[in-house]
Each structure stands twice: as structure tokens, then as C-alpha cells.
Protein chains: 2
Amino acid sequence: MFSAEPELSANSVITYEDMEPVELDPGDTKPLFNVDYVGDAVLFSGMSGDDDIPGIGQYDDFHTIDWQRDIARDRMRHRYIVKKRQDSIWDLIKGAHDAWSGWVCVLLVGVCTGIVAGVIDIGASWMTDLKFGICPQAFWLNREQCCWSDTDTTFDTGNCSQWLTWPEVLGGQRQGPGAYIISYLFYIVWALVFAALSASLVRMFAPYACGSGIPEIKTILSGFIIRGYLGKWTLIIKVVGLILSVSSGLSLGKEGPMVHIASCLGNILSYLFPKYGRNEAKKREILSAAAAAGVSVAFGAPIGGVLFSLEEVSYYFPLKTLWRSFFCALIAAFILRSINPFGNEHSVLFFVEYNKPWIFFELIPFVGLGIIGGCIATIFIKANIFWCRYRKFSKLGQYPVTEVLVVTLVTAIIAYPNPYTRMNTSELIYLLFNQCGISNSDPLCDYNRNFTDVNSAIEKAAAGPGVYHAIWLLVLALILKLVMTIFTFGIKVPCGLFIPSLALGAIAGRIVGIGVEQLAYNYPKVWLFSGECSTGDDCITPGLYAMVGAAAVLGGVTRMTVSLVVIMFELTGGVRYIVPLMAAAMASKWVGDALGRQGIYDAHIALNGYPFLDSKDEFQHTSLAADVMQPKRNETLSVITQDSMTVDDVETLLKETEHNGYPVVVSKESQYLVGFVLRRDLNLAIANARRTMEGITGQTIVIFAGTGNQPLSPPPCLMLNRILDMAPITVTDQTPMETVVDMFRKLGLRQTLVTHNGRLLGVITKKDVLRHVKQMDNEDPNSVLFN
Amino acid sequence: MFSAEPELSANSVITYEDMEPVELDPGDTKPLFNVDYVGDAVLFSGMSGDDDIPGIGQYDDFHTIDWQRDIARDRMRHRYIVKKRQDSIWDLIKGAHDAWSGWVCVLLVGVCTGIVAGVIDIGASWMTDLKFGICPQAFWLNREQCCWSDTDTTFDTGNCSQWLTWPEVLGGQRQGPGAYIISYLFYIVWALVFAALSASLVRMFAPYACGSGIPEIKTILSGFIIRGYLGKWTLIIKVVGLILSVSSGLSLGKEGPMVHIASCLGNILSYLFPKYGRNEAKKREILSAAAAAGVSVAFGAPIGGVLFSLEEVSYYFPLKTLWRSFFCALIAAFILRSINPFGNEHSVLFFVEYNKPWIFFELIPFVGLGIIGGCIATIFIKANIFWCRYRKFSKLGQYPVTEVLVVTLVTAIIAYPNPYTRMNTSELIYLLFNQCGISNSDPLCDYNRNFTDVNSAIEKAAAGPGVYHAIWLLVLALILKLVMTIFTFGIKVPCGLFIPSLALGAIAGRIVGIGVEQLAYNYPKVWLFSGECSTGDDCITPGLYAMVGAAAVLGGVTRMTVSLVVIMFELTGGVRYIVPLMAAAMASKWVGDALGRQGIYDAHIALNGYPFLDSKDEFQHTSLAADVMQPKRNETLSVITQDSMTVDDVETLLKETEHNGYPVVVSKESQYLVGFVLRRDLNLAIANARRTMEGITGQTIVIFAGTGNQPLSPPPCLMLNRILDMAPITVTDQTPMETVVDMFRKLGLRQTLVTHNGRLLGVITKKDVLRHVKQMDNEDPNSVLFN
């Protein structure tokens with residue numbers, strides 16, 4: 001449109017284009033939509049990675065990003081490169097580099113995520129075993145690796161002669177009360193040391209490294225800026241702290257933080273590619289892929305990871321990203337498998353293989369497990385949120401390290417005596433998922449049966465005393481784990497809750513499973529069991545119930561659906577059990593939704609007041625745009641006129657108000673909307689004009705000229721049409737808020753202008769929308785964190 | 001807003017509310033956004049399933065739907081039900097029924113899809129075998145079932161004494177040249193009979209039943225109305241025709257049409273639930289789930305089905321739908337597995353189990369296979385589109401049945417002599433995917449090796465003469481299948497191309513695989529092979545290459561990505577082979593994209609001119625809304641003024657123009673936008689007013705009054721503010737088209753109004769957008785099919 005009016009800039013009017021861009025970067029302040037390729041040189045410098053121009057495509061901390069604007073910037077950049085590509089070989093190479101950079105970036109993210117996950121797995125495994133003993137000949141080996149070199153065949157009990165427990169290191173016995181006390185003490189001391197280290201590191205170097213990080217990543221992906229949350233210090237401290245906190249025996253998992261770690265890697269690596277590093281909207285494509293890779297390495301579940309990213313954390317997820325996320329997740333899983341930190345052959349974390357398929361009537365206990373899981377999850381969420389709110393608003397929040405130490409001490413003291421809480425939680429889950437075969441010597445498998453052969457069918461049998469004893473221990477473990485996890489999730493160390501949730505569900509499921517199994521054994525003639533259980537073979541597999549229960553609790557806590565089922569299926573390799581898993585997940589989600597609206601992540605988002613506009617919640621109210629817009633009745637809207645305000649007027653307005661942008665109208669009287677200008681651009685443009693142009697005084701008229709007409713005022717005047725966005729998104733005052741909310745979500749708006757019969761009435765910003773949603777849900781609208 | 005101004009309707013002004021709704025349904029013509037609960041009674045009648053009110057929420061044939069409007073209608077209905085729920089037990093039950101209806105509907109769709117898929121599988125299997133012979137004792141059994149009752153152990157060759165081939169039925173020999181000729185003739189005659197029946201049924205009863213249906217379903221899901229395309233006749237004829245055409249031995253598959261069949265079921269069953277049946281936008285949620293169920297039963301791949309629906313066919317896919325689609329797909333797969341039409345134990349279609357994992361260097365041939373697959377796919381797409389275009393614009397299109405018969409005759413004559421084309425394509429794929437074990441007696445496995453035991457490792461061996469002979473036959477089969485599929489896809493019988501594509505790729509892959517295997521056997525010392533292939537065991541599995549090749553060609557043809565890999569993985573149960581599959585799929589897609597922009601479905605959409613606005617294609621051009629809007633320069637925009645036109649004026653405008661809607665402005669001079677009114681509503685409202693109200697003449701002023709002010713003209717006047725949409729979506733004339741296209745896609749718009757400084761300049765409809773996209777891509781903008 002500028003080229004159509006050459007007489008305008010050829011006039012004596014000083015236009016913005018004539019100015020020399022010194023501090024002000026035209027690549028940033030150029031009009032966002034209505035230029036063609038005028039900013040070539042600047043785009044070029046932006047592309048080649050100059051860092052000396054401040055503020056390119058950057059936002060301030062705790063601001064929301066403008067998706068439309070960022071994506072438009074990227075398309076402009078892309079068009080420029082495509083056009084430039086024909087000029088020289090070098091430009092062609094740069095074009096190819098640009099086209100590939102998305103793939104190269106996710107490849108790097110995948111590789112790094114895989115390697116870091118391997119490091120964490122190896123470190124956590126070694127340090128977890130360090131609580132129990134050491135491998136004197138090679139202290140860097142964990143118990144399993146230490147015993148590989150041993151010829152003992154007694155590995156099942158985890159004790160081989162190479163591996164020395166702490167009492168043995170001190171010259172004592174492996175068994176006996178003295179040894180028990182020494183082991184107990186060592187266990188507690190190591191746990192405290194690890195936890196203290198972890199908490200101190202987090203407190204000193206990277207406060208953002210605590211927690212699981214998933215609520216924050218959801219918020220960041222929805223278009224919010226939290227500086228440093230995905231930075232290198234957070235990454236380093238989170239990795240080290242995670243190894244320490246997992247090893248300390250606290251009731252937490254490393255799976256959620258893995259998503260945060262992968263996202264940090266995604267953020268850091270995206271800076272190698274200006275296309276992504278300098279564009280917040282594009283960067284979120286990489287972060288989505290990284291989140292998928294995080295889940296992929298956490299569970300060895302690449303498909304589940306992609307679905308998790310799609311369903312749970314991502315906001316803007318174009319289909320192109322789906323394919324790239326899958327690639328990233330797969331590479332990460334592949335690298336981790338090549339590192340093979342656990343040294344087992346199966347690619348899945350909890351590989352299970354059951355002899356018997358499930359029977360149709362078992363859907364009843366499975367749905368029952370789903371209901372139990374939903375209840376456990378709701379108790380957990382409510383109690384955890386209550387405690388976190390207490391921590392937030394009380395003195396407790398000022399002593400994070402002390403809190404960590406107290407929780408660790410209590411956990412260690414209570415956990416050690418019970419073998420099911422003493423062992424690694426992953427091992428516990430694996431034990432509970434397994435069916436009782438010939439090689440399983442745990443008390444849980446103390447049935448009155450004889451095995452004739454490894455491959456023979458498992459006969460139906462009565463539970464022995466070991467099973468009943470184990471059940472009591474498991475009930476205690478369930479209560480302990482539930483209580484400790486409530487207090488643990490939210491303390492200031494890296495901690496996730498996938499594994500604790502799975503463990504809670506697995507315990508409950510196993511108990512129910514043993515119950516059903518014994519029912520079927522004792523009453524084989526009841527019509528329910530008579531079909532399948534009348535032969536001598538065992539027809540009920542308690543391990544399957546553990547798996548279903550685990551899915552139920554995890555589903556209730558996180559409210560994942562498809563991704564949960566796919567993760568469980570990839571986690572266990574049990575392709576036949578999708579239907580039971582799905583039945584339990586559905587029941588659990590429904591119970592959870594009925595008892596409490598939010599999953600744990602959404603609850604933490606609400607608790608922390610993150611400005612997250614959930615794309616899953618439907619806006620149910622009947623308010624109109626006119627009810628939500630600023631200014632309210634009796635206030636006036638701050639506007640700029642297109643051709644009648646002086647520089648002084650504009651500067652006064654900038655001083656007196658704090659809006660991030662101002663609508664430009666034809667005149668104060670008519671209020672017909674011309675466009676929208678950002679505060680930041682205005683400030684920069686006026687400061688620059690004052691410095692570089694002659695004849696700019698406070699009385700100079702500022703012109704955001706519209707199309708065609710000569711400016712009404714005589715020169716000198718300051719033409720600022722290049723910083724005017726002439727295509728702001730508008731709605732009418734009668735538009736229902738559900739449509740407005742939909743537009744904010746789907747178009748990624750930062751603000752929209754409200755008009756009536758063409759006249760400007762007000763502005764709705766994302767902050768206004770979020771506050772309105774809170775208000776409608778009877779929550780405090782001022783709790784939203786925002787700048 | 002109406003309740004705020006009671007004096008308005010209490011005046012002598014005749015408002016629309018006062019009228020008795022006789023033919024006109026206020027539930028449909030009520031203002032879409034700015035009412036609260038005024039339409040209760042009508043909403044209620046709409047809810048209880050009255051069918052006598054014509055046109056509720058319906059669109060004309062070949063129109064696009066207005067997603068915003070439909071979703072708003074549904075939210076209003078939902079709010080009404082929630083509000084009503086507290087009134088009585090009956091309303092509570094109705095509310096619960098409404099809340100559950102989505103799940104019940106997809107449950108029904110899943111169950112029906114599973115059953116229909118079972119019927120098709122059983123029918124097609126029986127009729128395919130009928131070409132070769134019959135089971136005289138029980139003619140309804142296919143060969144496999146017939147031989148089950150037999151004690152012969154020679155099942156491998158497919159011949160048992162119970163099963164009589166046609167020469168035997170006629171009293172002749174099973175072997176010998178005479179028997180061969182008789183079998184050949186019977187094969188051809190049966191094929192012609194089946195094909196003729198299928199084509200005639202389609203031609204006579206349901207022309208929409210031909211083809212795969214996926215391009216049309218993509219278009220329908222994107223918000224287009226094609227009446228009858230998902231109707232009951234289409235369903236019945238498609239099922240019967242599909243069984244016949246698959247049995248006729250044509251080079252086609254039943255997987256694509258299964259998606260169409262499931263969508264028909266989804267459409268028909270949605271009418272049981274007014275929430276979905278009467279709301280085109282909501283109905284598409286069910287159709288998305290049905291499409292997932294279709295793929296799920298076609299391949300036994302529920303997760304792949306959901307991803308296919310998400311990635312390939314769906315358009316509007318809220319996350320709630322993801323979970324429901326998964327449920328639907330799972331139920332369908334579960335029902336089909338319970339029917340167990342193939343009688344085998346594995347739940348996957350082509351269960352494979354290879355002894356050896358793949359080796360890292362094999363990624364090179366896998367990527368090579370991807371490139372080959374991409375080339376084959378491109379040849380197929382280009383040739384098929386060329387032929388379909390020729391058919392469309394030449395006389396050939398007038399003789400569909402003759403064309404089918406000719407293609408069938410040629411296929412049958414050429415296919416019979418070659419055992420690999422004679423056999424069922426699914427069997428061929430299974431054979432090619434398999435590794436050569438001890439039980440495999442096909443010439444493809446004629447290696448110079450001895451098996452000592454079923455469980456022993458397979459030794460490396462030189463290929464025998466049988467393998468070389470088989471390779472030649474496979475090359476011939478590849479050429480034949482490629483050529484015949486080009487001519488077959490698009491003829492007027494139900495036909496899909498998943499299975500033919502898989503077969504093409506599997507043949508190419510197996511040939512490459514045997515080549516690599518023999519290279520490794522003959523040059524075991526070459527550094528590539530020396531690591532893994534230096535022992536005596538076989539290190540290369542040609543069956544894996546067939547699998548990878550199949551994925552490559554299918555990926556190249558359809559341009560599926562994640563869903564392809566997941567389907568292949570579920571299809572074969574090969575969890576270890578995701579990386580090779582992914583490598584090949586990526587290579588194939590890139591080659592395909594480089595050689596020809598579109599996948600087969602998009603190419604067919606373009607060929608048929610369906611109004612499909614692809615959500616994956618980015619709009620790359622720099623045009624502005626002002627360039628696209630109607631009217632162009634020198635034309636005038638048809639508008640209605642808010643309070644100065646008479647009934648006659650409006651009726652003249654309706655007669656003289658054919659727009660689907662008219663903007664309402666303050667006055668012709670100012671052109672400030674007030675709202676938007678639909679042609680259909682205007683017509684109905686005026687006709688109704690003339691019939692039911694006194695004092696309505698041609699001179700009566702029509703008022704679409706804005707807010708607040710008294711109408712300017714004296715009574716009598718016709719208040720039509722209830723049919724005015726006061727919240728139309730607007731953009732400014734300077735908005736770049738990429739933003740406009742984005743808004744059309746994401747908000748599902750039917751039209752948007754273009755303004756400049758508040759004044760109305762023009763309208764952009766979806767048709768304008770589609771034509772502009774075509775024009776920018778240098779295609780004929782008038783080829784878009786639209787009313």
C-alpha cells in the first residue's frame with residue numbers, strides 16, 4: 001500500500017522510513033501485516049544471528065505472546081528466504097538450512113534428551129543402591145552391575161558376595177539385629193544427605209528447578225513468558241537435583257521432571273536456530289516436541305509421549321508438529337535404549353506377560369478399580385492442594401530446606417521397616433505387575449501350588465500365609481505412600497508424581513486382584529466364575545489388576561485419557577489389555593471429574609495463578625463482550641487519533657496510562673477505528689525521532705495516516721504509519737464471550753478491540769478474559785499472575 | 001438485551017416475537033448470539049425430536065456449514081438443559097440422557113461398525129474362495145472353514161479333500177491342463193459376475209457408493225454438505241458392492257471403503273440423538289469417531305485409527321472427541337475380534353515375528369526403500385489422476401459398468417496365471433511379510449538350508465532356484481498390480497487402495513530384501529556386514545524389508561505420517577521396528593512431496609473440485625483482504641439498512657441478488673456495519689409476517705433496530721431484530737489473507753465482513769477464499785464445486 005502512494009513520502013512530510021534506524025530496530029517495529037519486503041536488510045541481519053540489536057521478537061517477563069504476530073513474522077521471514085534463494089548458491093544453502101532447521105533441532109533435542117535421561121537413570125540407580133551398600137572393587141557400579149561379575153546364582157534376592165552392605169563394609173554381619181540397625185541408620189543418613197544437597201542446590205542456584213514443572217510448561221506453551229524457567233541453570237540443577245531427590249527415597253518420581261528437562265533442552269537448543277530461538281510462537285513447536293521426548297524417555301513410550309504432548313501440555317499443535325514430535329520422541333527413546341541404563345533386554349519399563357487373557361466379567365472389578373482409583377486420586381489432589389496452599393500462605397514456605405529434610409526424615413524412618421516401601425518404587429511396581437511364576441520368590445507369590453515346568457499353566461491355588469502377610473504390608477505401604485506423596489509433591493526439590501501415582505494404584509489393584517482370585521478359587525461354581533474358572537488353571541491374574549489400578553490412579557490424578565492408555569500399553573507391552581485399561585481410565589476420570597473439577601496440574605496452575613486459558617474447558621456463561629471490555633462504564637478509553645495529536649499529547653498519554661497498546665481512531669468524536677499501535681513501538685519511535693530528526697518538537701503532529709488522503713495538518717509532522725497495525729482483530733459489543741474466548745484460544749490473540757456500528761467502544765485483553773473466567777467460576781479474579 | 005428494553009416490545013411496534021410461529025421455526029431463525037433463553041419452547045421441541053418442523057439446523061445441498069453458529073446453537077441448547085434439569089425428575093433424566101448421548105452414540109457406532117466389518121470379512125472371504133471351488137457339504141463355508149472339519153494335514157497348500165475345486169465339481173481332475181483351463185474359465189466368469197453385480201448395484205441404487213469415499217469424507221468433515229453421501233442406501237449398497245468387488249479379484253482393498261461405511265453408520269445413528277443429528281457441527285464429532293472406527297476395524301488398529309482420523313480426515317477435532325474416538329475405535333475392534341471372522345488367534349492382521357532385530361546399517365536400504373516407495377507412489381498418483389481426469393471429461397465416463405467389466409476381465413485374465421496375483425492380496429502381503437521358517441513351503445523360501453528344529457536359529461543360506469523364479473513372478477506382479485490399480489482406483493465400484501499400495505510396497509521391499517540378504521551371504525567380509533553377519537546365522541530378514549516397503553508406498557500414496565507408522569506397528573505387532581518404519585515413511589513422504597505436491601486423496605479432492613480448505617497447507621501469498629472481497633471495484637455491495645428499507649425494497653433485493661446473506665448497515669451513505677442477516681431467515685420472516693400479521697404491506701418499514709434508541713419511523717413497522725446476527729466476524733481491508741484464511745480454518749467461518757475505519761467495504765465468503773487459493777496456485781478458480 002505504500003508503493004501505491006509515492007507522493008506521500010516524497011512530500012515534505014518526514015516519514016518514519018527516512019529515519020536512520022539506530023537503536024530502534026525496524027525489523028521489530030515495522031507494521032506487522034501491511035508491508036511487503038521492505039525490511040529485507042533487517043530480516044537478513046535477524047536471520048544471520050546478530051545479537052546486538054536488543055529486543056527482536058522478545059517479550060517482557062510474565063507477558064503473553066501474540067501468536068498471530070509471531071507467526072506472521074515467521075511467514076514474512078520464510079517468504080523472504082524463498083525469494084532470496086534464487087539469488088546465489090550461498091542463499092540457496094541458507095534456504096536449505098532454514099528448511100531443515102526444524103528437523104535438525106528436534107533431532108538434537110531427541111539425542112540430548114536420550115543422553116540426559118541415560119545419565120539420570122544411571123546416576124539415580126547407583127545412588128539409590130548407595131543407601132544400602134557399595135561395590136568395593138568398583139565403587140561406580142550399582143548392585144546389579146556389581147553382581148553381574150559375580151558367579152553367584154542368588155541374584156534374585158539382590159545379594160551377591162561382590163556387593164557389600166554397609167554393615168559388612170564396617171566389618172559386621174549381613175544379617176542380625178545389629179546389622180539391621182546399622183543399615184537403617186545408613187539408609188536414613190544417606191537419604192538426608194541426598195535430600196539436603198538437592199534442596200540446597202535448588203535454593204541456591206535455580207529456584208525454578210523444583211517440582212515437576214508440568215504446570216509451568218503448560219502455561220509457557222499456552223503463550224506465556226517465564227524467563228529462566230527453561231534456562232541452562234534450571235537444566236543443570238534439575239538434572240543433579242533430580243538424581244539426588246530420587247535417590248533419597250522420597251515418594252516421588254523422575255518422570256514429570258523429565259518433561260521439564262527435555263523442555264529446557266528444547267529451549268536451549270532452539271537458540272542455535274534463529275527461526276525458532278527468536279520467535280516465541282515457533283519456539284513452542286520445538287518445546288511441544290521436547291515435551292513428547294521427555295515422556296518418551298521417562299516411560300520408553302514414544303507414541304504415548306506424542307499423545308501426552310498433544311493432549312496434556314501443548315496448546316498450539318499444528319499437524320506438522322505432530323510428525324516432528326513423533327520423530328523427536330522416537331530418537332530420544334532410541335538413544336536411551338542404545339545407552340541401555342537398566343541393562344535389560346526389554347524395551348519397555350515394566351514388561352509383563354500374562355498367561356491368561358482377561359475374561360469379560362472382569363470388566364466389573366476393573367471398573368470398580370477405576371472408581372477406587374478416582375477416589376484415591378481425588379483425595380490426593382484435594383489434600384495436596386490444601387497443603388500447598390497452606391505452605392504458600394504460611395511461614396512454612398520460608399523454610400524450604402528444613403521442610404525437605406523433615407519430610408525426608410519421616411519418609412526414611414517409616415519406609416525402611418516395610419520391604420515394599422523400602423525398595424525402589426519402580427521395582428515395587430514391577431513386582432506388583434508381575435504374575436506369580438516359577439521364578440518369583442516374593443511372599444506375594446506364596447501360593448499353595450507346585451510348579452512342574454516353566455512353561456506349564458499356573459494352577460489355581462489358595463493363598464498361603466505369605467500372601468496375607470504381604471497384603472497387610474501393602475495396605476500399610478498404600479497409606480504411607482499416599483500420605484507421604486501428599487506432603488512431598490510441592491516441596492522444593494525436583495519431584496514428579498507419575499511413579500508414586502502408579503504405585504498407589506498398583507498396590508490397590510493387586511489387593512483387589514488377590515481378592516477376586518481367591519473368590520474365584522473358593523467359589524468356582526458361582527455363575528460369574530463358572531464359565532472360565534471351572535478348570536484347574538488359574539483364571540484371575542492379580543498382576544493385571546495392579547496394572548489396571550495403576551492406570552486408574554494415574555488417570556484420576558492427571559486426567560489424561562488416550563495418552564494414559566497408550567503410555568500404559570507401551571509401558572507394559574500388553575497389547576491385549578487396552579480394553580480393561582480404557583474401562584478403568586474412563587471410570588476413574590468420570591469419578592474424578594464428579595468429585596473435583598481439576599486434575600493435579602490444572603489445580604496447581606490455578607493455585608499459582610498462572611494465566612492459562614484452558615482449551616479443554618468450555619466457557620459456559622452468557623456474558624457479552626460489552627460486559628468484559630475495558631473501560632467499564634464512566635471511564636474513558638485511552639485512544640490516539642490518527643492525525644490530530646501532538647508528540648506531547650502522545651507522550652503524556654504514555655506517561656499517564658500503562659496499557660501495552662493503544663487503539664488509533666479517526667477522531668476523538670467519531671471513534672471510528674483505524675488501527676492499533678503498541679506502547680513499546682510508540683516509545684521507541686518517538687525517542688528515535690527526537691534524536692535523529694530535526695524539527696521534532698512537542699508540538700509536532702503525529703500522523704498515523706490512513707489511506708489516500710493528504711494529511712490534514714501542515715508539515716512538519718511525524719509519520720508513524722509504519723508502526724500502525726492496520727489489521728487488528730475486532731469483535732462487536734454484542735459478541736458472546738464464548739465466541740471471544742474461542743477466538744483468543746484458537747487465534748492466540750493478545751487483545752481484541754470491541755466496536756459497535758464501527759465505533760470503538762473498548763479493548764479486551766487476555767488478562768481481562770482470564771479474570772472474567774475466574775470471576776464467572778467464583779474465584780478471585782485478582783489471583784491471576786500477569787504483567 | 002431484550003429483557004433490558006421491555007418498552008420496545010410493549011409499544012405499538014409489531015415485533016417478531018409477537019408472531020405465531022407457524023411454518024417458521026424460531027429455533028432456527030432466532031438470533032444466533034444475542035438471546036438468552038427466549039427460545040425455550042422451541043428448543044424443547046427441537047430436543048424432544050419433533051420432525052415436523054422443516055429445516056431445523058439444516059443446510060441446502062452443497063453448502064458449507066457455519067461452525068460458529070452451530071456450536072453456539074449447541075451451547076444454548078446445553079445451557080437450556082442444564083437450567084431445566086433442576087425443574088423435575090423427568091428433566092433430570094433428559095439431562096442425563098443428553099450428557100450421555102455422545103458416548104452412547106459412539107458406542108452404537110462402534111458396535112455396528114464391528115458387526116458390519118465382520119459381515120464384510122466373512123462374505124468377502126467366502127465369495128473369494130467361490131471363484132476357486134466350493135464346499136459341497138456346507139456351501140456356506142469358505143475353504144479354510146471347510147478344511148477345518150477335515151482331518152487332512154495338507155492344509156498348507158490349501159487343498160483338502162472336503163473342498164472341491166470347480167473341475168472336481170464337474171467330475172474332472174484336480175490337476176492337469178484340462179482342469180487348469182476349467183479353473184481359469186470359472187475364475188474369469190465369477191470375477192465378471194461379481195464385478196457386474198457390484199457395478200450395476202452402485203449405478204442403479206447409490207451412485208455415491210463407489211470409490212473409497214475418503215476424499216468426500218474429508219470434504220464433509222471440513223464442513224460441507226453432500227446429501228445422501230452418508231445415507232442408508234449408500235451404506236447398504238456399499239457393503240454389498242464392496243463384498244462383490246473385493247471378491248471379483250480386482251486390484252482393490254476394502255479398507256478405505258470401511259471408513260466410508262463407518263461414517264454412514266455414524267451419520268445414520270446420529271439421528272437417534274437430536275443433539276448430534278440436528279446439528280451439523282456436532283454431527284461431525286460423531287463422524288470423526290466413526291472414521292477412526294473404520295480404520296480400526298479395517299486394520300485391527302484402534303490407536304492408528306484415531307491418529308488417522310486426527311491427522312488425515314478430521315478438521316474440527318476438539319480433544320474431547322479424541323477420547324470418544326478412541327473409545328469408538330476400541331469398541332469396534334473389540335466387537336470384530338469377538339466375531340473373529342478370520343478364525344486366527346492373533347488380533348493383528350499380519351502378525352509377524354522375526355528372530356533377528358534390525359541392524360543399524362540397514363537404515364540405508366530402508367531409506368532407499370522409502371525413496372523407491374515415494375517414486376512408485378508418485379507414478380501411481382500422477383497416472384491415476386491423469387486417467388481419472390480423462391474419464392471425467394471423455395465419453396468413457398458414460399459407460400461405468402462396461403469399464404468395470406473390461407477392467408475386471410483384463411485383471412482376471414492376467415492375474416490368474418501368476419500365483420502371486422491370483423491369491424488374495426492380503427494373503428500375498430502376509431506371505432511377503434513372513435520370514436522363511438521351517439513351515440513355509442512357498443518357493444520364496446527355497447533356500448539351501450536345513451532346519452533342525454522349529455526353535456533353532458535360521459542359518460544364512462544361498463537362495464535356490466525357487467527364489468529366483470519367485471522374484472521374476474513378483475516383478476511381473478508388481479508391474480501388473482501397479483498398472484491395474486491405476487486403472488481400478490476410480491471405477492464405479494467400492495474400492496480402496498490401502499491394500500494394493502501395501503502389496504506394491506511389500507513386493508518391492510521383499511525383492512530388495514532378498515537382494516541385501518544375498519549380498520550379505522556372498523560378501524560377509526565387507527565392512528558393512530562384517531559386524532553382525534559374520535556368524536553363521538542369517539542376519540537379514542527379507543520379510544522386514546517387505547514391511548518397510550509396504551509402509552513406504554502407502555506413506556507416499558496417502559502422505560500419512562504418524563498414523564501410518566502406528567497403523568503398521570499395530571498391523572504387524574512389530575514394536576521393535578518403529579524406527580525403520582519411520583525412516584522409510586519419512587523418506588517416502590519427502591520424495592513424494594518433492595515430486596508432486598498432493599497425496600492421492602487431496603489430488604482427488606482437487607480433481608472433483610470439492611470445496612476443501614486444507615488445514616495443513618500454509619497460505620504463502622501476500623494478498624490482502626481487500627483484494628479478495630466481493631464486490632470488486634465498480635460494483636456495489638448489496639446491503640440492507642437498519643431502519644429505512646420497506647418490505648418491498650427488501651423483497652426486490654432478495655429477488656435481484658443471490659447472496660446467502662446480507663450485511664445490515666446504519667445507512668446507505670455511511671455504511672457503518674450493524675450486523676448480518678441470512679437470506680433464508682429474511683425470506684421466512686417476511687413470508688410469515690405477511691401471513692400472520694395485519695397491517696404488513698409493501699410499504700411497511702423493516703427495522704433491524706440497534707440497541708436503545710426508539711425506531712425512527714412511525715409504526716406500523718416490522719421489527720426483525722431477532723433474526724439479525726449482531727456479532728458478525730469482521731476484518732479490516734488491510735488484513736493479510738493468511739490471517740483471513742487462518743480465521744476461516746480455525747473458527748469455521750462461512751463468511752466474514754470487510755471494513756475500513758468502521759465502514760463496510762465488502763464480504764469474503766468461503767467460496768471466495770477457496771477460489772482465491774486456487775487462483776494463487778495457478779489453478780482454475782471456477783472448478784470449485786459450490787452452491
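1. Start with the helix pair. In this predicted model, helix 16 (residues 363-393) and helix 26 (residues 600-608) of chain A have axes that come within 11 Å and cross at roughly 20°. Axes here are lines fitted to C-alpha atoms, for helices over the stretch in contact, with angles from 0 to 180 degrees between N-to-C directions. Helices (H or I, at least four residues) and strands (E, at least two) are DSSP runs numbered from the N terminus.

2. Helix 16 and helix 26 of chain A are therefore roughly parallel to each other (angles under 35 degrees count as such).

3. Who touches whom? Helix 16 of chain A brings F380(A), I381(A), N384(A), I385(A), C388(A), R389(A) and K392(A), and helix 26 of chain A answers with I600(A), A603(A), H604(A), L607(A) and N608(A). Contact means heavy atoms within 4.5 Å. These residues divide into seven nonpolar, three polar and two charged (Ala, Val, Leu, Ile, Met, Phe, Trp, Tyr, Cys and Pro count as nonpolar, Asp, Glu, Lys and Arg as charged, the others, Gly among them, as polar).

4. Now the sheet: three strands of chain A form an open, mixed sheet in the order 4-6-7. Strand 4 (640-641) and strand 7 (673-678) of chain A each have a single partner strand, so one side of each lacks a neighbour in the sheet. Two strands pair if DSSP finds at least two bridges between them.

5. Strand 6 (residues 661-665) and strand 7 of chain A pair antiparallel over five bridges, with V665(A) opposite L673(A).

6. Helix 29 (residues 679-692) of chain A lies across strands 4, 6 and 7 of chain A, at about 75° to strand 7.

7. Housekeeping: residues are numbered from 1 along each chain as its sequence is written, and chains are lettered from A and ligands numbered from 1 in the order in which they are written. Local features need pLDDT of at least 70, side-chain atom pairs count only at pLDDT 80 or more, totals for chains, interfaces and linings use all residues, and side-chain values use heavy atoms, leaving out hydrogens and water.

Conventions. Angles under 35 degrees count as roughly parallel, over 145 as roughly antiparallel, 65 to 115 as roughly perpendicular and the rest as oblique.
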